[in-house]
Amino acid sequence: MSVEARIWEALRHVEDPEIPVSVLGMGLIVSVAYDAAERRADLEITYTAMGCPAMDFIQDDIREALVADPDIDSVEIEVVWDPVWTKDRIRDEARATMRELGIAV
């Protein structure tokens with residue numbers, strides 16, 4: 001499995017601290033790249049709102065999950081607002097979980 005594939009897999013296990021749905025399922029991850037020379041994961045992420053109180057928690061959890069990979073020494077996260085997050089970014093499995101929790105999506 002490539003490092004990028006492992007990054008995507010690791011992100012499947014990083015949950016939003018407010019809702020038990022992964023950051024991947026929530027559609028927060030915009031892009032992933034891996035710089036092999038620097039042993040660095042580069043991510044672009046977005047949030048559901050500019051004032052999201054969980055931003056630091058989410059980024060810390062992402063970094064912790066990714067540096068657990070033996071080929072990653074550091075993680076650069078750029079927060080982007082284009083594309084704008086909308087409910088359309090929520091994956092089907094996350095949408096189903098949210099509905100089970102009584103969250104309208």
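**Notebook: an aromatic pair and a salt-bridge network**

I looked up Tyr47 first, and at 2% relative accessibility Tyr47 counts as buried, since buried means under 20% relative accessible area, exposed over 50% and partly exposed in between, with a 1.4 Å probe and protein chains only. I note that this is a predicted model, where local features need pLDDT of at least 70 and side-chain atom pairs count only at pLDDT 80 or more, while totals for chains, interfaces and linings use all residues. Residues are numbered from 1 along each chain as its sequence is written, and side-chain values use heavy atoms, with hydrogens and water left out.

I then searched for aromatic pairs (rings of Phe, Tyr and Trp, the last by its six-membered ring, with centres within 6.5 Å; planes under 30 degrees apart are stacked, over 60 edge-to-face, the rest tilted), and the count came to one. Tyr47 and Trp81 form this tilted pair, at 6.4 Å centre to centre and 45 degrees between the planes. Trp81 is partly exposed, with a relative accessible area of 32%.

Next I turned to salt bridges (a side-chain nitrogen of Lys or Arg within 4 Å of a carboxyl oxygen of Asp or Glu), of which the structure holds seven. Arg6 meets Asp69 in one of them, at 2.6 Å from N to O, and Arg6 also bridges to Asp71, again with 2.6 Å from N to O. I found Asp69 buried, with a relative accessible area of 12%, whereas Asp71 is partly exposed at 28%. Arg39 forms a salt bridge with Asp73, the closest N and O atoms being 2.7 Å apart. Arg6, Arg39, Asp69, Asp71 and Asp73 are linked in a network of salt bridges.
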